[in-house]
Amino acid sequence: MKVFYDVIVVGAGHAGSEAAVAAANLGSAVLLITMDMDKIAQISCNPAVGGIAKGQIVREIDALGGYMGIVTDDTTIQFRMLNRSKGPAMWSPRAQLDRAKFVEHWRTIFDTVPNLDIWQDTVNQLIIQNNEVVGVKTNFNIEFRAKCVILTVGTFLNGKIHIGKIQISGGRISEPASFGLTEQLKALNFETQRMKTGTPVRINGNSIDFSKLVEQKGDDDFHKFSYLVRENKKLKRRSCWITHTNEQTHSTIRNSIADSPLYNGQIQSIGPRYCPSIETKVITFADKSSHQLFLEPEGENSREYYLNGFSSSLPIDVQMAALKTIDGFENVRIYKSGYAIEYDHFDPTQLAHTLETKIIKNLFFAGQINGTTGYEEAAGQGIIAGINAHLNCFGGHEFTLMRDEAYIGVLIDDLITKGVDEPYRMFTSRSEYRILLRQDNADLRLTEKSFNIGLATKERFNLTVSKLAQIGDLIFFVKNFSVLPNCVNDFLIKIQSSPISKKIKLYDLILRPNVEIKDLAVIVPELNEMIFKTEEKRREEIVEETEILIKYKGYIDREKLLADKIKRLDFIEIKNEIDYNSLQSLTIEARQKLSKHKPKTIGEASRIPGVSPNDINVLLVLMGR
């Protein structure tokens, strides 16, 4: 058995999967250690990827050369582009997936990626020498040595499952918890806390009266997550279904609230604010007579459904009684009960932007161990940790993403500067640069950056260069081609846009709110001919990107100027160790926060909660700036 590696990844969830393949594709010898090889990249809660801001993260992972977007495209059973009624900064792709095929597809990837080995076991101890990690020990009493170790342990550290008064040790239902690592890391002065998450019952679709539910179909036109030009495996499309709780449902839950681990003191940790349990909804929003629920299929042909919006840790009989009060669920049968789970995580302010820990060299954390929630947030951290672990092994500048470059950059910067007091979930509102960080342009933002370190392939880079060129050609054409009133006025009147009285550039027409390039192409043959010069398989993508860049140019330019202005602070390094407690001109809170976080730049210091603009001015004066 080979026991010496460049990088060891502990845990094969979404963070671990992306970390392992990124490091391996860069050239590191990688060992991925997982408790169960048949549950690699398990979508253990909702069998869906993407959503508000999360969809942007998946596209960023793909643009960097990751795999979540590729696997999602090949296992999609429903696709929707959310927020289409709003501006493109808010558009967010989401896909419902075949749960089993998603895991199967990831396993195939692992079997084909070079430099990657898998070992089924549990890690219970890190091997540390002189404040540097050099390997791991497992339950099978094997020592694996490596230059870097990435912990992506999900909900497994001292995991405890709650169903009513029943408490079971476990990282997921029917899967064992992991012990030893928390205790070792606490002894090394890592700050640890407990968090909670939950999941709903799984429904037997044969027991549902779908005539009482509202059907929710996916988009007719098939979008995708990956920027690669490839033939996706086309699975059968499935609908989701909408129903609602009612007063009888709420009464059933309220009458049993004393049996809820969330309300009887059994669970002390904090759960995700933006994905509350059904009992939390009933108590917190007591004035609401109903809550919307989504019944979502688990696979292409499966009769198993996920009840989105009904996460619960109530006793099983209470869950069943409440379900039977819902329209269409009168005769409901279930496969698995809902449950809550508590687990350990570590204060992410103990990390650098590379996700390397500040306390132990070459040790990286990614995923729920950092206090985040969601597959996408975990995967985004995983690919960054994998890249930087490889760079630590072989040299090179650290790879980080700024807040104006990626939602992944916002995510990591939020974690390491602000910390978490609840499971962190990404939203578009967390970014001050939403117009720059759209889902449509992740490849234009990130692929060249990844290609330069050797992760994104030449194929990806060439696609990006080609896309940029075709967009440039199309913009040049519409800026220089004019149309006469008799060509476009009928169309303009039809869409209730002011007719023109003289010749006008196509560019100026496209600037109008209701005018789209595809509609102009119908009445302007020369524009249609220009569009047909673009690549057929990416034509829609190129036209859409061109239109966004034209219509929102003023907003985009303004946001770039703002980003450049603010980003200057991120290039002012705090090189020398500063005794913040001795700086009486700083507020007491700033002294405490700066001493704890030890920011590397003035920009990072400015984003720490409790550090005021006046405190930043004091630091700038101190540094002669």
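This briefing describes the overall fold of a predicted model and then one of its helices. In this model, local features need pLDDT of at least 70 and side-chain atom pairs count only at pLDDT 80 or more, whereas totals for chains, interfaces and linings use all residues. Residues are numbered from 1 along each chain as its sequence is written, and side-chain values use heavy atoms, with hydrogens and water left out.

**Overall dimensions and fold**
- Along its principal axes, the C-alpha trace spans about 80 × 70 × 55 Å.
- The protein contains 21 helices and 22 strands, which are DSSP runs (H or I, at least four residues, for helices; E, at least two, for strands) numbered from the N terminus.
- Among contacts (heavy atoms within 4.5 Å) between residues at least 6 apart in sequence, 73% join residues at least 24 apart.

**Burial**
- Of the 625 residues, 59% are buried, meaning under 20% relative accessible area with a 1.4 Å probe, protein chains only.

**Helix H13**
- In helix H13, which covers residues 485-494, the buried residues are Pro485, Val488, Asn489, Phe491 and Leu492.
- An α-helix has 3.6 residues a turn, so residues three or four places apart point the same way.
- The cover over the buried residues of H13 includes strand E21 (482-483), helix H14 (506-510) and helix H15 (517-523).
- After H13 comes Gln496, whose phi is positive, near 60°.

Notes
Buried means under 20% relative accessible area, exposed over 50%, partly exposed in between (1.4 Å probe, protein chains only).
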